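Please open the structure in a viewer and keep the selection tool at hand.

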Amino acid sequence: MREWRPNEALYPEQGALAPVGGAEVKFATLKAIGAQFVYLPLVLDPLPDAPGGFANRYRRARAAGMKVGVVLNFDPCAPADLQSGMFAQMVPRDPDLLPPAIGLTRLADGCSPKVSDAAVESELMTLINQIETHAGKPVILKLSRAFDQRHNTAAALTRDLWLVRDRARPDYAGRPWLLWSANSALVSAASEEPVEWVVVQK
């Protein structure tokens, strides 16, 4: 499983999601092992130009000739304006960028003060609208099974889906997906930390 990837004959477009931590990613190596694109997690980094920082990763991925996208993991405990503000500040308005993705994993159970499901869904819609305005293209929803079960997101929002399930094709959203994280921890020479291997549905 550590090195498993889906058959390229079935999924000719394959790529990766860089690890969230500060590990350096060798983008030329990532491309050499078959990644045609890479998504970079957007985290507020006090040293964005450090080797593992967002700005540094963005520059080096582009220099390696890779298609680049950005993932912002939605925080249900924080206002949408704060999250979209960070996105607008750190992500350039570049037409060559892949559609932005919003990671939907964290539930609001641990928020203090408490946040209702209705408030989470309202803030998420605000965030989607603000990011799409900045990026100029629709977002992709990187949707976990737990978040979808709680909020019925796949049925409620007509955006492309990015689902996650190691090895087996995911079906929990009840409708077709665009991206599939088929191996959440691929070990390779491209990074000291595992990367998430992603394929595109034809």
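A cavity is a set of grid points where a 1.4 Å probe fits but cannot get out, and its lining residues are those with an atom within 4 Å of a point. With that in mind, note that the model shown is predicted.

Select V91, P92, D94, L97 and A135 to begin. These residues lie nearest the centre of the largest cavity, whose lining comprises 13 residues. Which classes of residue form the lining of the largest cavity? Nine of the residues are nonpolar, one is polar and three are charged. The volume of this cavity is about 90 Å³, and the structure holds one cavity of 30 Å³ or more.

Next, select residues 145-151, which form helix 5, and find H151 within that helix. Is H151 buried or exposed? The residue counts as buried because its relative accessible area is 8%, under the 20% cut-off.

Finally, display the whole protein as a cartoon. Six helices and eight strands can be traced, and from the N terminus on they follow the order β-α-β-α-β-α-β-α-β-α-α-β-β-β. The radius of gyration is 16 Å, close to the 17 Å given by the globule rule for 202 residues, so the protein is as compact as a globular protein of that length. Its C-alpha atoms fill a box of roughly 45 × 35 × 30 Å along the principal axes. Switch to a surface view to end: the protein exposes about 9800 Å², of which carbon and sulfur atoms supply 53%, while buried residues make up 46% of the 202 residues.

Methods:
Residues are numbered from 1 along each chain as its sequence is written. This is a predicted model: local features need pLDDT of at least 70, side-chain atom pairs count only at pLDDT 80 or more; totals for chains, interfaces and linings use all residues. Side-chain values use heavy atoms; hydrogens and water are left out. On a 1 Å grid over the protein atoms alone, a cavity is a set of points where a 1.4 Å probe fits but cannot get out, and a pocket is an open set with protein on both sides within 12 Å along at least five of seven lines; lining residues have an atom within 4 Å of a point. Grid points are joined across faces, edges and corners, and a volume is the space filled by probe spheres set on the points. Ala, Val, Leu, Ile, Met, Phe, Trp, Tyr, Cys and Pro count as nonpolar, Asp, Glu, Lys and Arg as charged, and the others, Gly among them, as polar. Helices (H or I, at least four residues) and strands (E, at least two) are DSSP runs, numbered from the N terminus. Buried means under 20% relative accessible area, exposed over 50%, partly exposed in between (1.4 Å probe, protein chains only). The radius of gyration is taken over C-alpha atoms; the globule rule is 2.2 Å times the number of residues to the power 0.38. Accessible areas come from the Shrake-Rupley method with a 1.4 Å probe; for residues, only the protein chains shown count as cover.
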